[in-house]
Amino acid sequence: MKQRYIKRPIGNDSDVQFLVGKGFQIEYAEMLSARGITEDNYDNFFSDADGFHSPFDIPNMSQAVETISYVMETDGKILIYGDYDADGLTASSILSLFFTDNGIENTVLIPTRDEGYGLHADKVIRAFERYYYDLVITVDCGISNAAEVSKIVDELDAEVIVTDHHELPDMLPDCICLNPKMGYACPFLAGAGVAWKLVEALAGHEAAAKYSALAAIGTIGDIMPMRDENRSIIKLGLANFNHKSLQKLAELSHCKNNLSACDVAMKLVPKINAAGRVGHPEVALEFLLGRDKVDAKICDKLQSLNDERKKMLDDIVAEADGMCDVNVINKERMVFLHSDTWGHGLLGIVASRYKEKYHLPAIVMTLDGDNYVGSARGIDSLDLFDIFSKCAEHLVKFGGHKASVGFSVSKYNLVALRQALSNVLNGLDNSSFEKVFYYDLDICPSTKFTDIMALSQKLEPMLPQDKIVCRVRDVVKTASSFGKDGTHLSFTLSSGLEVKGFFKYGKYAPFIRNGANVDVLFTLETDAYTKNICGILEDITLDNSVNFDEFYRLNLLKNFIPSIVEYTPPKQIAEILKRDCTLAVFDDYDTYLECAERFDFSQYFVDVFFDNSVSSQTVAVSPLNGYNVSKYENIVYFCAEDIFRAMPADTYYVRCDRVNADLYNLQLNRDICLTAFKAVKGKSKFDSVKGVYDKYLVGKISYAQYIVALRVFEQLGFITIADEYTVLFNQTDKRDLTNSSIYNCFCK
């Protein structure tokens, strides 16, 4: 059986021993080594040692400093051209505040989302019509805009310096370019980090520290790797959080006094980004330039724009959901969505949401003139920038990173781009699309959660996705759903640890509340109310449990159809099971175990009830209604004789012994059906279908008998179950129960 959870591989043994020598227990030393902490970079994580590189190690920095210094010495004027996200806005603010502090006249030019990402020469030319500038400096953009830079230089006779951090294109702009990917010890600086290094080169480290809070915001906002110089920038920025407007926004956002990187990522960055996303980046720019004076109205405006962003996002997602065809998505190996009306600023968030939902690259676009502008988000195992590079002939322009790409495409090339992207994705190995969860620590009875919390504190700054992930296999004592529509889950393990899962885990509560074996990944945090350490669920897998037998039975009874099928010979089944995109379905776990002795399932993920696997080969044990079978090309159903789950038309059937005989044994007769019918007939509008059983039938008939009796009534046309609370009684002629094939199947 393929593993869903994989422990991060340990690094060099010498580094582990070094960490043990530093006082870490062996399991923590191995964990830190697996996270890439070595003897060489230890100080960058655990000491206040200076982890900064010389800014002049960035190629072309000396020429950039020489050019800018000349403009400053001659009282020249500088145009700063930025971007509309948190990284671009903070990068722009760093340079603007630095030049203003040094008496240099400057203007910041930020495109709107409607204008699109990147350097727009026409926008710069229009700015020059109002005012002449001696120098144009781009931040967080420009490296992919060689033609735009050339146009600015030719038409305005202006000098341009590009500062950027995105992937390098085949042709660089013909100007001074600062990009850490051109050869720098820390190639994953954010755009704000590059701008900050430029200030450091111009004025020295001590002077640059004054702007480090903005550099930290940009680095966190662009989700840059929390390694090397990025850690040093964030540490310095949080320690020098002297920006009055940011301090006020942190207060309004209920951040802790000791601001953390997670606070910035989850509470501040979304509000800064919101302004650009809904078309008002100048509001965020004004806010960020307000370093020395708090403008409460600007802070309130940012919060209001964030609320507006949430509402707009909900509207787009509601529309986009209706466009999603699971069969097409699985065939193309991507989510490809476009509209003529969606706001530019929300495309990236929408793409991220669908990437998470389907674990496939997501491309989301909106019409802009004769072009569609779009944002794409990729899964961890794929290089999205490389994939788009292979389709460049169909694009007007594109740029970005391994995980994120911004682009535009002619509306006449939309179909060609879609086909090209799908061709590239379908040419990749299936393993590239399998989702694996990596974790840090196995929890055992001797583990002290207080030690893990203390270690987490030492590892700060950390982004939310960098938290220590723990794994435990344990038994659930109690479980319940909570929140609106029961979307959240809370359960307590036998160890006493309470674990909470948000937004999609409430559906697990009925299956585990009476005790279940679970395999869970979680992070730790201190509950704001109880002050106890609790787990925050990252993922959950259900292991087979004796308590699941009744669920196996009910799932079969709710979905079975009396049928006659043609069985496929075992030898042929063995060959089918070797194919990619194959789903093997079992009614219960015992049958799976018995068949695993005859067939090879070593490369299969195993799902119990829920559709959690993203493997190309999956075993589904007692899949619930709604389990997505459409993403598989081959479906094999291992079933007992006479009772069959409803399956797609092209399913292969394998005849199995009734390993768990109780699963199929159900005594049904006329009296049992009559008892069930009377109870349903007497339900009030407030009783759910399940509530009728709990209220009237417990101890009289089994819940399984009740469910099958309802199916008999539906088959005979006596009732229609519209939803869980609504049962409609139909006017129909009297019919004998034996007219129901379902009744005949169980009345023996």
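Hi everyone, let's begin with a pair of helices: α25 and α27 are roughly perpendicular to each other, a label for angles of 65 to 115 degrees. Their axes, which are lines fitted to C-alpha atoms over the stretch in contact, come within 9 Å and cross at roughly 80°. Helix α25 covers residues 670-681 and helix α27 residues 703-715, where helices are DSSP runs of H or I with at least four residues, numbered from the N terminus.

A word on the source: this is a predicted model, in which local features need pLDDT of at least 70 and side-chain atom pairs count only at pLDDT 80 or more. Residues are numbered from 1 along each chain, and side-chain values use heavy atoms, leaving out hydrogens and water.

Who meets whom here? On the α25 side we have Ile672, Cys673, Ala676, Phe677 and Val680, and they meet Gln705, Tyr706, Ala709, Leu710 and Phe713 of α27; contact means heavy atoms within 4.5 Å.

Now the largest nonpolar core, with 115 residues. Such a core is a set of buried Ala, Val, Leu, Ile, Met, Phe, Trp, Tyr and Cys residues joined through side-chain atoms within 4.5 Å, and buried means under 20% relative accessible area with a 1.4 Å probe, protein chains only. Tyr706 and Ile512 are among the residues with the most contacts inside this core, and α27 gives the most to it, with 9 residues. Isoleucine 512 touches residues including Val476, Phe491 and Leu542, not counting those up to four places away in sequence. Apart from this core lies another, of 76 residues, Ile94 among them.

Last stop, helix α5, residues 86-101: 14 of its 16 residues are buried. Glycine 103 follows α5, with a positive phi near 75°. Thanks, everyone!

Conventions: Axes are lines fitted to C-alpha atoms, for helices over the stretch in contact, and angles run from 0 to 180 degrees between N-to-C directions. Helices (H or I, at least four residues) and strands (E, at least two) are DSSP runs, numbered from the N terminus. Angles under 35 degrees count as roughly parallel, over 145 as roughly antiparallel, 65 to 115 as roughly perpendicular and the rest as oblique. The expected span of a helix is 1.5 Å times one less than its number of residues. Buried means under 20% relative accessible area, exposed over 50%, partly exposed in between (1.4 Å probe, protein chains only).
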